[in-house]
Amino acid sequence: MSAADHLVVVGCSWGGLDALSRLLAHVPQDLPAAIVVAQHRMHDASYLAELLARHTDWPVCEAEDKEPISVGHVHLAPPGYHLLIDGHRLALSTEGPVRHSRPSIDVLFESAAEAFTHRVVGVVLTGANSDGARGLVRIVRRGGRAVVQDPATAARRDMPEAALATGVDATVAPLEEIGPLLGQMITSHPQGERSSSHPQGERSST
Amino acid sequence: MDLLLEAVYRHYGFDFRQYARPSLRRRLTRRLSLEGLQTLSGLQERLLHEPECMERLLLDLSINVTAMFRDPSFFRVFRTKVVPLLRTYPFIRIWNAGCSTGEETYSLAILLREEGLYDRTRIYATDINEAVLVQARQALFPLEKMKEYTENYLASGGSRAFSEYYVAAYEGAQFDRSLGDNIVFARHNLATDRSFNEFQVVVCRNVMIYFDMSLQNRVHDLFYESLQRLGVLALGPKESIAFTSHADHYDVLDPQNKLFRKAR
């Protein structure tokens, strides 16, 4: 297992299991990144990892505190905990719910932006609240990228719409296209240095 | 943030320099906005000039959300796997480290009483923060929590009516005072203080998640030193011993509920 240079953080709520399954099924097998997921769920729904593992060849595990973030792994926030990114490790917290949610998507996204700056892609999927919107803005502000599930394709459109309502610069896509999109975003992104999404000379600005 | 933590340490002796950064950043940011301030340096200045502000921050940093019989399966397995080991000892010493407001401590006391072991047990319950210890000694918890705690208690293998343990009072649910007879609530700082006894069990759940790796290792040294041979270490369900320097010193007693037994 090698440490991940790139991070994909995914937030979902209502309808999340189906959405995650379809997203994971289309993630390129060789994506040089780790995927970290915060999904709102009932306290005892601990079988999420097993269900998701049917849709991907990547190992899917509930996060443990201080666990290294590994390439080609899906790390899930355990129910009843906030999941945060601490350098190249995962960190948990039992602080109170943030805007009624624990795990909170905003908490995950904000800590990911802090730790991975431009090497993180934030993905907001279906949900019936507005969690993730603030965190996505933070990710883009720190140089990362944003992807939002096309609200027209979402089981509940509130969460993707709230993310887009912030005016954040995000790519909108249906679930099946998000995986390939992550592949393009991350492999077109040289390690260490931030690549310009519009190389000089491609378009004349004068 | 480093500067602020350093200043707090020099001025007050409270050492948060080895706390895990992401949670610390969140809590400092929240304190910042509650104080109506804009910058960390503004917060630093107020902390150094107003001890009351430091008290507020100390509460922010040390209160952890907990519940009675949180993670019922832990208490269920404690009954089936740890209690039989404890029966072999004439006198039982348990350290509940990072006890906060005492919900977990009283849960242990109830469990041990039901198993007939409480009379020969002493629970040392420690926390860095005196304010939470004052609260813990009162054994008074919010009435509106009793439904959740009752469900937890029953799921943990409790066989009585949970309401036998408290009376509903005007201020909240007042727990049976005698449950506190064999509990010593005392201030102890895991970051700086030493071991103070030898124990058969150390319970420290969801406390070290707020520490960085090096402080976590220090605390593991402390627990290793404080446990007698074959003593039991209990961590939170999502904490791992694998990433610490003591991984090889324990056998796994229960992998899901993170119970370990000092083997060597």
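A residue counts as buried if 20 or more other C-beta atoms lie within 10 Å of its own, with C-beta atoms placed from the backbone. All views below show a predicted model.

**View 1. Overall make-up of chain A.** By that criterion, 49% of the 206 residues of chain A are buried. The chain holds six helices and nine strands. Among contacts in chain A with a separation of 6 or more, 71% are between residues 24 or more positions apart.

**View 2. The open sheet of chain A.** Seven strands of chain A form an open sheet, with parallel pairing and the order β3-β4-β2-β1-β7-β8-β9. Its edge strands are β3 (60-62) and β9 (170-173) of chain A, each of which pairs on one side only. From one strand to the next, the twist averages 20 degrees. Strands of a sheet pair through backbone hydrogen bonds, either parallel or antiparallel.

View 3. Strand β8 (residues 145-149) of chain A pairs with β9(A) in the parallel sense, over four bridges. Together, β8(A), α5(A) and β9(A) make a right-handed β-α-β unit.

View 4. Most residues other than glycine have a negative phi, and most peptide bonds are trans. A:Arg99 is not a glycine, yet has a positive phi of about 45 degrees. For A:His100, also not a glycine, phi is positive at about 70 degrees. A:Arg102 and A:Pro103 are joined by a cis peptide bond, with omega about 10 degrees. Is A:His100 buried or exposed? A:His100 is exposed, because 10 other C-beta atoms lie within 10 Å and the cut-off for exposed is 12 or fewer. A:Arg99 has 13 other C-beta atoms within 10 Å and is therefore partly exposed.

**View 5. The side of chain A that touches chain B.** In this contact, 19 residues of chain A meet 14 residues of chain B. The elements of chain A that give two or more residues to this side are β5 (82-86), β6 and α3. By class, the residues on this side of chain A are eight nonpolar, four polar and seven charged.

**View 6. Crossing of helices α2 and α4 of chain B.** The axes of helix α2 (residues 21-34) and helix α4 (residues 51-62) of chain B come within 10 Å and cross at roughly 145 degrees. The crossing of α2(B) past α4(B) is right-handed. From α2(B), the contact is made by B:Arg27, B:Arg30 and B:Arg31; from α4(B), by B:Arg56, B:Leu57, B:Asp60 and B:Leu61. These residues divide into two nonpolar, no polar and five charged.

**View 7. Surroundings of B:Asn96 in chain B.** B:Asn96 lies in strand β1 (residues 92-97) of chain B. What makes B:Asn96 count as buried? B:Asn96 has 29 C-beta neighbours inside 10 Å, and the cut-off for buried is 20 or more. Neighbours within four places in sequence aside, B:Asn96 is in contact with B:Glu104, B:Thr105, B:Leu108, B:Ile123, B:Ala125 and B:Val203. B:Phe75 is 21 residues from B:Asn96 along the chain, and their C-alpha atoms are separated by 14 Å.

**View 8. The β9-β10 hairpin of chain B.** Strand β9 (residues 250-254) and strand β10 (residues 259-262) of chain B pair in the antiparallel sense over four bridges. B:Tyr250 stands opposite B:Lys262 in β10(B). The two strands form a hairpin with four residues between them. In the turn, B:Lys258 has a positive phi of about 55 degrees.

Notes: Residues numbered from 1 in each chain as written. Chains lettered and ligands numbered in written order. Predicted model: local features only at pLDDT ≥ 70, side-chain atom pairs only at ≥ 80, totals over all residues. Pairing = 2+ DSSP bridges. Contact = placed C-beta atoms within 7 Å. Nonpolar A, V, L, I, M, F, W, Y, C, P; charged D, E, K, R; others polar. Axes fitted to C-alpha atoms, helices over the stretch in contact; angles between N-to-C directions. Right-handed = clockwise from strand over helix to strand, strands pointing away. Left-handed = near helix turned anticlockwise from the far one by under 90°.
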